[in-house]
Amino acid sequence: MIKGCSAVMTSLMLVCFASFALAQVANTSLRGTVTDPSGAVIPGAKVTISNAANGQKFTASADAAGGYVFAAIPPARYTITAAATGF
C-alpha cells in the first residue's frame, strides 16, 4: 500500500513541476489595428516596434483589415510606429 501511495505522489509531483517548467517561457505577443485619424484601416502599413532598453526592432505588415501581430516577442517596453505610402 505504501509503495502504491509513493508512486502516486511521485507522479503528482512530476506533473506539478512540469507545469512550472512550462510557465517559465518568457515571450509575449502584441496585436493591433492601424487606422488613420478618421478611423479607416490602413492595409499594408509597415509596423515597427523597438525595445526601449536595448534597441531591438521587430517589423510586421498590416493585413487587408489593418491588423498586425507580433508573436513570441520578449516582454519589454516598446515604442511602436507605423508607416504607409501617403501617410
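**Exercise 1.** Are Tyr68 and Phe70 buried or exposed?

*Solution.* Start with the source: this is a predicted model, where local features need pLDDT of at least 70, side-chain atom pairs count only at pLDDT 80 or more, and totals for chains, interfaces and linings use all residues. Residues are numbered from 1 along each chain as its sequence is written, and side-chain values use heavy atoms, without hydrogens and water. Next, the cut-offs: buried is under 20% relative accessible area, exposed over 50%, partly exposed in between (1.4 Å probe, protein chains only). Both Tyr68 and Phe70 are buried.

**Exercise 2.** Classify the aromatic pairs in the structure.

*Solution.* Rings of Phe, Tyr and Trp (its six-membered ring) pair with centres within 6.5 Å; planes under 30 degrees apart are stacked, over 60 edge-to-face, the rest tilted. The whole structure holds two such pairs. Take Phe58 and Tyr78: centres 6.4 Å apart, planes at 65 degrees, so edge-to-face. This pair joins distant parts of the chain, 20 residues apart: Phe58 lies in strand 3 (residues 57-61), Tyr78 in strand 5 (residues 78-83). Strands (E, at least two residues) are DSSP runs, numbered from the N terminus. Phe58 is partly exposed, at 22% relative accessible area. Now Tyr68 and Phe70: centres 5.9 Å apart, planes at 65 degrees, so edge-to-face.

**Exercise 3.** Describe the surroundings of Thr48.

*Solution.* Locate Thr48 in strand 2 (residues 46-51). Its relative accessibility is 13%, so Thr48 counts as buried. Then list contacts (heavy atoms within 4.5 Å). Leaving out residues up to four places away in sequence, Thr48 touches Lys57, Phe58, Thr59, Thr79, Ile80 and Thr81.

Methods
Helix = DSSP H or I, 4+ residues; strand = E, 2+ residues; numbered from the N terminus.
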